[in-house]
Amino acid sequence: MPQNHYGMGVAVGDFDNDGLEDIYVTGYGGNTLYHNKGDGTFTDITKMAGVEAGGWSVSAGFFDYDNDGRLDIFVTRYLDWSFKTNRYCGEQKPGYRAYCHPDNYDGATNILYHNNGDGTFTDVSVKAGIANPKGKSLGVTFADYDADGFIDIFVANDSVQCFLYHNNGNGTFSEVGLLAGVGYNEDGKAFAGMGADFSDFDNDGRPDIVVTDLSNERYMLFRNNGDGTFRDVTNISGLGGATLSFSGWSTHLFDFDNDGWKDIFVAQGHVMDTIHLTAPNLKYMQPPLLLRNDSGHFKRVIPGSAFETEWAGRGAAFGDLDNDGDVDIVMSSVGQKAAVLRNDGGNRNHWLGILLIGKKSNRDGIGSRVKVVFTSGATQYFAVNTAVGYLSASDKRLIMGLGTETMAKLVEIRWPSGIVQKLENVKAGQMLKVTESPS
């Protein structure tokens, strides 16, 4: 990466459908797109592709917003900040200088790059209706929350209203965060939104939203009502009480113990390394958080010493690193080595893995929705999305916990193209590779 860029986040996706994953790196001062050459090396094609951005870019994600079979790029940008406009905040004595609250700076517009299919992208932010200068955006995640066949966007904003961009299906988006009930918490207040995930926590087939924030705010959980609106269930789900004293960044809803219910992981650490000087009850370094989902209610669990160790956690990516049927975690921290949290117990329950290969749809299958029906009649729902959490890119493969079931009665795949495939009586304990059918 060029020396004048301060790297922040990463997105991974096969933007040219050649079967090789490409890398997009965000940063302060500009972003970089690396094209995978297939021989273990990458080529910087940023200028040719037209995706350098500029300003203070944070998170990014690949997704196909217009269902043309090509992955587009969404980029969040934080503040209109520069070294020239940097202010002194905190008490005027040695050791007490602090990061300034985002209220001290103007927001910045996010960016949507449309994939032209020829190795270049076009900035369609204004045309698409997402160029809102009032955002102070950090995390981004995607899901088709109203099941209309088009992927929508949730953006976590810091201390201003969060954005929910509804995909109108014609190349434009409508920002509906306030009307949908996800712009503020249930008290009508903004919060320091940082990491986010858009996934179904209660197995009702509708994507819900989890958002992390700062200590004393409680991480947010918005339940999808199925009518275009969401309900703040932070407190009744147990999430509020479990997170009040923590500060969270990257997060993901996934089934760590393969019991059929998605749990919540959060990389944690306060933003201020001086917080103990002004709030003795809070700590800069904090242990990562794992909340087990018991039929829609969350309770903290500590499955190993790593969850008792304090970190200045920020990014976290999720995937089955050792291909043993459970999801592992790689977590990055400020001023510390990255940590690999290997899941050594999740595969005690039965599981099923799925890798999708698109043909008419984008090759990664991003945006595909998968329904799994147990022999008992219970049902789970998943979506392929590598942009979860904060600053991170995760495994595109799906790991589905089957609990005590030895097979899935039905696996139904709805591709972004609209094609639907069904697999019946699928045995557990395998990673299926499913290629999109012609019709």
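Reader: Which strands each supply at least two residues of the lining of the second largest pocket?
Author: Strands 11 (137-143), 15 (196-199), 19 (248-254), 23, 27 (369-374), 28 (379-383), 29 (398-403) and 30 (407-414) each supply at least two. Strands here are DSSP runs of E, at least two residues long, numbered from the N terminus. A pocket is an open set of points on a 1 Å grid over the protein atoms alone, where a 1.4 Å probe fits, with protein on both sides within 12 Å along at least five of seven lines; lining residues have an atom within 4 Å of a point.

Reader: Before we go on, what kind of model is it?
Author: This is a predicted model, where local features need pLDDT of at least 70 and side-chain atom pairs count only at pLDDT 80 or more, while totals for chains, interfaces and linings use all residues. Residues are numbered from 1 along each chain as its sequence is written, and side-chain values use heavy atoms, with hydrogens and water left out.

Reader: Ok, back to that second pocket. Which residues lie nearest its centre?
Author: Ser199, Tyr381, Phe382, Ala383 and Val384, out of 48 lining residues. The space in this second largest pocket is about 810 Å³, counted as what probe spheres set on the points fill, with points joined across faces, edges and corners.

Reader: What's its lining like by class?
Author: For the second largest pocket, 21 nonpolar, ten polar and 17 charged residues. Nonpolar covers Ala, Val, Leu, Ile, Met, Phe, Trp, Tyr, Cys and Pro, charged is Asp, Glu, Lys and Arg, and the others, Gly among them, are polar.

Reader: And what volume does the largest pocket have?
Author: About 1,400 Å³. It has 46 lining residues, and Trp56, Tyr78, Tyr99, Trp249 and Val271 are the closest to its centre. Strands 1 (6-13), 8 (97-98), 23 (313-319) and 24 (328-333) give two or more residues each.

Reader: Switching topic: what's the order in the open sheet of four strands?
Author: The order is 11-12-13-14, with antiparallel pairing. Strands 11 and 14 (173-175) are at the edges with a single partner strand each, so one side of each has no neighbour in the sheet. Pairing needs at least two DSSP bridges between two strands.

Reader: How many bridges join strand 13 to strand 14?
Author: Three, between antiparallel strands, with strand 13 covering residues 163-167. Asn167 is opposite Phe173 in strand 14.
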